[in-house]
Amino acid sequence: MEGLLDQWLWKEEYWLPPGVTWKDIEIEGDRYPLPRDLFYTLPLALGFIVLRYIFERVIAMPLSRQLGVRDRVRVRALPVPKLETFYKQNKQQPSQSEVLGLGKHCGLSQRQIETWFRQRRNQDRPSNTKKFCEASWRFVFYLIAFVAALASLIDTPWFWDHRECWQGYPKQPVAEAHYWYYITELGFYWSLLLCVTVDVKRKDFKEQIIHHIATILLIGFSYCANYVRVGTLVILVHDSSDFLLESAKMFNYAGWRKTCDTLFVIFALVFLLTRLVVFPGRIVHSTLVVSLDFFQPFFGYYFFNALLLVLQALHIFWAWLILRMVYKFVFMGKVSRLKSLSVEKDERSDEESEPEEEEEAVEEEETSWEQRKGALNSKLASLANNCVLNNLTNQRNMNSRLPKAR
């Protein structure tokens, strides 16, 4: 098995520039990348999942109560076995024909069927406390990772001059701090991918999956090919804005609107600067153009830059969402609910559409219908009373005229 991997997966022409072998990057007395190091990230990911479980229950949930996070009280759907079976099998809004068919089988009206499905979907939607706990866990990790990485990178020459990322490549030793930064980040993203089925699903759920997979491939490949220097800069740029978004989510769920709006504006500025200016203008330019001054292009060069361009496409998509929210904030006077960016990101519902908007829209529709119904009933009652009074008055007038006629 190991021989097969060496023959097909670890071919030197896939990972290293022409004329460079695995033995060439081995540096005596210093740490250098070894592909087997990546296997350590899987048990580390499981450790992150356990640590997150403890953190959310010991720290995040008490903190949510202290900050005033409140969960909406939702009406539970009545137990109807046939409707429950259909809901579990389909997990979606039934069509008009399906509603009529279910109504005949269950002996319920169309409106009762639609109300049941709406209430049943509301039961599965995550509470604000769950969202707050998830955001607080990511906030703590991203903040610690960013501060630690910045402290270890700020004194390195390639932090200021990106040509230093390729000086002496691939015979570049890996510092202990940068090794653990890589392994920790990769383990964390593995944990996010493993928990994707239980985390809060948001509008950009598919984009988040693509982002996690691209990030895992990018970190893993760049470590094996000893792209560690430029790889640490890529991770640092992403962590610089992620903790701001998660903090804005936390205060959004707690109802601290002004604090949430302030943090979101700061996040938007940092995100647009780092993802649309620094990342493509400095990092991608360095990997695409500057690196060719030091080695000839090979498969790993194209693969690594393709993954970076996938991330940049996601950055443009999320920047468009952010600018829409900034537009609402500036011209409408408020920031709407934080969506999923990543990008968790806020955000973020258990379906691909925002749940609260659907629920509120239905509630507003029902409220307006009840108001119209009440107004209509009052008018009908008034009209009926007027008709009765007119009939009584006419009858009295007729009775008073009868004696005179006789």
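## Overall make-up

Of the 406 residues in the chain, 45% are buried; here buried means under 20% relative accessible area, exposed means over 50%, and partly exposed lies in between (1.4 Å probe, protein chains only). This is a predicted model, in which local features need pLDDT of at least 70 and side-chain atom pairs count only at pLDDT 80 or more, while totals for chains, interfaces and linings use all residues. Residues are numbered from 1 along each chain as its sequence is written, and side-chain values use heavy atoms, with hydrogens and water left out.

The chain holds 14 helices and 0 strands. Both kinds of element are DSSP runs numbered from the N terminus, with helices (H or I) needing at least four residues and strands (E) at least two. In sequence order the pattern reads α-α-α-α-α-α-α-α-α-α-α-α-α-α.

## Transmembrane annotation

The UniProt record, an unreviewed entry, places the feature "transmembrane region" at residues 38–55, 139–160, 180–200, 259–279 and 299–323. UniProt positions follow the numbering used here, feature names are shortened, and annotations may be inferred rather than shown by experiment.

How do two of these spans look in the model? Residues 180–200 are 71% helix and 0% strand, with end C-alpha atoms 29 Å apart. Residues 259–279 are 100% helix and 0% strand, and the end C-alpha atoms of that span lie 28 Å apart.

## Where H7 meets H11

Helix H7 (residues 128–153) and helix H11 (residues 228–254) have axes that come within 7 Å and cross at roughly 145°. The axes are lines fitted to C-alpha atoms, for helices over the stretch in contact, and angles run from 0 to 180 degrees between N-to-C directions. The crossing of H7 and H11 is left-handed, a term for a near helix turned anticlockwise from the far one by less than a right angle (clockwise would be right-handed).

Sorted by class, the contact of H7 with H11 has 14 nonpolar, 5 polar and 6 charged residues. Ala, Val, Leu, Ile, Met, Phe, Trp, Tyr, Cys and Pro count as nonpolar, Asp, Glu, Lys and Arg as charged, and the others, Gly among them, as polar.

## The second largest cavity

The second largest cavity contains about 90 Å³ of space. A cavity is a set of points, on a 1 Å grid over the protein atoms alone, where a 1.4 Å probe fits but cannot get out, and lining residues have an atom within 4 Å of a point. Grid points are joined across faces, edges and corners, and the volume is the space filled by probe spheres set on the points.

Which residues line the second largest cavity? They are Glu185, Tyr189, His211, Thr215, Leu218, Ile219, Val234, Ile235, His238, Asp239 and Leu311. By class, the lining has 6 nonpolar, 3 polar and 2 charged residues. Helix H9 (176–194), helix H10 (205–224) and H11 each supply at least two of the lining residues.

Isoleucine 183 and threonine 184 both lie in helix H9. Isoleucine 183 counts as buried because its relative accessibility is 3%, whereas threonine 184, at 26%, is partly exposed. Isoleucine 183 has its C-alpha atom 9.8 Å from that of leucine 42, 141 residues away along the chain. For threonine 184 and phenylalanine 48, 136 residues apart along the chain, the C-alpha separation is 9.5 Å.

## Loops worth a look

Most residues other than glycine have a negative phi, and most peptide bonds are trans. In the loop between helix H8 (157–160) and H9 sits proline 170, joined to tyrosine 169 by a cis peptide bond with omega of about 5°. Asparagine 226, in the loop between H10 and H11, has a positive phi, near 60°. Asparagine 226 is buried because its relative accessibility is 2%.

Valine 290 belongs to the loop between helix H12 (257–288) and helix H13 (299–332). Its relative accessible area is 12%, so valine 290 is buried.

Technical notes. 1 Å grid on protein atoms, 1.4 Å probe; cavity = no way out; pocket = protein on both sides within 12 Å on 5 of 7 lines; lining within 4 Å.
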